[in-house]
Amino acid sequence: MPGRAGGPGSGELVDRVRQHLVQLGDAAAPMAGDGPAGLTASQVAVAVRDQSAVLGDRAVLDVVGRVLPELGGAGRLDSLLRDPLVTDVLVNGPDQVWVDRGDGLVRTRVRFPDEGSVRRLAQRLAAAAGRRLDDACPYADARLPGGIRMHAVLPPIATGGTCVSLRVLRRRSFSLDELVAAGSVPAEGARWLRAVVAARLAFLVSGGTGSGKTTVLAGLLSLVDPDERIVLVEDAGELQPDHPHVVRLEARPANLEGAGAVVLRDLVRQALRMRPDRLVVGEVRGAEVVDLLAALNTGHDGGCGTVHANGPADVPPRMEALATAGGLGRDAVHAQLAAAVAVVIHLVRERSGLRRVCSVSVLDRAADGLVVVVPAVEFRPDAVVARDGVEVLVKLLGARGVSV
């Protein structure tokens, strides 16, 4: 690239150095630290000298500075991913890198040299997770070592350039008291959530993408009696409840040959044989809902999970759609849902970025036999208000010996 310290043709030099190091096997452990397999700047400098002995010191440092970030960790995104407040890092091409620190997306000053460097990063991260990402398969969804969830799309599918989306998992769980302090749950509303957990009522945490469902569910699971055994079934290990007895089962995608996949439905069935006191499906998103409903109807009290829904009233249709795709008829879906799940806890994300619990609802059967959601307690920013279903909720809690 003319005009850079490396001089004319330095772009080609960067590529040669990168390929040289890869061939030597120095870049075998992406996402393992600051550099691949402990690769240092001095090692890269030696490789630069090997490829072009005529460069001056300043030019060598320039090439080292361009090569090193692309060989280890998440490259230029590492500093963002190390920020404890960052939940999402989004790359929309070489000149657009955005982050979410809990208060909405903000554009950063991070830049990539060119489209090729973004593409190489996406492909390297996908390879680290055992996924294919190339012209024949221009998109990939994977969980990286360390727990970061990655999605990437290559051109021409992504018309503006390679797009990379990274979701950073919470480093720790937040207790219910901490959620109250953060404004996610009103103090008066926390007693209702504690009562639902103490009564071992089966519940679903619903909300849109990024509304905080996993965070709230982990906080509620931390309230479970220490003597109980929690078995978590997840597509990607996100839940981190503060509890002494947690068993984790995690789905596995197919390998590059398309074999070896283990799906959530398989894991739910296995979990039932592991003597769970609480069966938890991190995110109900497919045919596993059939086995979950069956499990909750066979004596597994206190089971729970999360589900995407725009509002509490949308939960039954969402569950119906998932279960129908899993082979369960409509009448059977609603019959099992009514018997299996007692409570829906719904979250919203405000324009300010605040994620908060907005309601606790109960499930009921309408005259046509379909399940409907009846609001029981509404959590407003300034008050907790009883709604039509509050008497039903109090009765459900009382039947389990829990009062509010």
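The exercises below, each with a worked solution, concern a predicted model of a single chain.

**Exercise 1. Confidence along the chain**

Determine what average pLDDT the chain has, and which elements have the lowest and the highest mean pLDDT.

Solution. Begin with the chain as a whole, for which the average pLDDT is 84, with 81% of the residues scoring at least 70. Next turn to the elements, among which helix α1 (residues 10–23) has the lowest mean pLDDT, 60, while helix α13 (residues 390–399) has the highest, 97. Then consider residues 1–9, where pLDDT stays under 50 and for which the model has 15 contacts beyond four places in sequence. The pLDDT is also below 50 over residues 26–38, a stretch that has 27 contacts in the model beyond near neighbours in sequence.

**Exercise 2. The packing of α11 against α12**

Describe how the axes of helix α11 (residues 315–325) and helix α12 (residues 330–340) are arranged, and state which residues meet.

Solution. Two quantities are needed, because two packed helices are described by the angle between their axes and the distance between the axes. For α11 and α12, the axes come within 9 Å and cross at roughly 125°. The crossing in which α11 passes α12 is right-handed. On the side of α11 the contact is formed by Pro316, Met319, Glu320, Ala323 and Thr324, which meet Arg330, Val333, His334 and Leu337 of α12. Sorted by class, the residues of this contact are five nonpolar, two polar and two charged.

**Exercise 3. The surroundings of α11**

List which residues of α11 are buried, and find the elements against which they pack.

Solution. The buried residues in α11 are Val315, Pro316, Met319, Glu320, Leu322 and Ala323. Their packing partners are β7 (203–207), α10 (288–296), β11 (304–308), α12, β12 (343–349) and β14 (371–380). Just after the helix, Gly327 takes a positive phi of about 100°.

**Exercise 4. The packing of α10 against α12**

Work out which orientation α10 and α12 have to each other, and what classes of residue their contact contains.

Solution. The axes of α10 and α12 come within 9 Å and cross at roughly 50°. The two helices are therefore oblique to each other, and α10 passes α12 in a left-handed crossing. In the contact, Leu293, Ala294 and Leu296 of α10 meet Val333, Gln336, Leu337 and Ala340 of α12. By class, this contact has six nonpolar residues, one polar residue and no charged residues.

How values were computed: Residues are numbered from 1 along each chain as its sequence is written. This is a predicted model: local features need pLDDT of at least 70, side-chain atom pairs count only at pLDDT 80 or more; totals for chains, interfaces and linings use all residues. Side-chain values use heavy atoms; hydrogens and water are left out. Axes are lines fitted to C-alpha atoms, for helices over the stretch in contact, and angles run from 0 to 180 degrees between N-to-C directions. Helices (H or I, at least four residues) and strands (E, at least two) are DSSP runs, numbered from the N terminus. A crossing is left-handed if the near helix is turned anticlockwise from the far one by less than a right angle, and right-handed if clockwise. Contact means heavy atoms within 4.5 Å. Ala, Val, Leu, Ile, Met, Phe, Trp, Tyr, Cys and Pro count as nonpolar, Asp, Glu, Lys and Arg as charged, and the others, Gly among them, as polar. pLDDT is the predictor's confidence in each residue, from 0 to 100. Buried means under 20% relative accessible area, exposed over 50%, partly exposed in between (1.4 Å probe, protein chains only). Angles under 35 degrees count as roughly parallel, over 145 as roughly antiparallel, 65 to 115 as roughly perpendicular and the rest as oblique.
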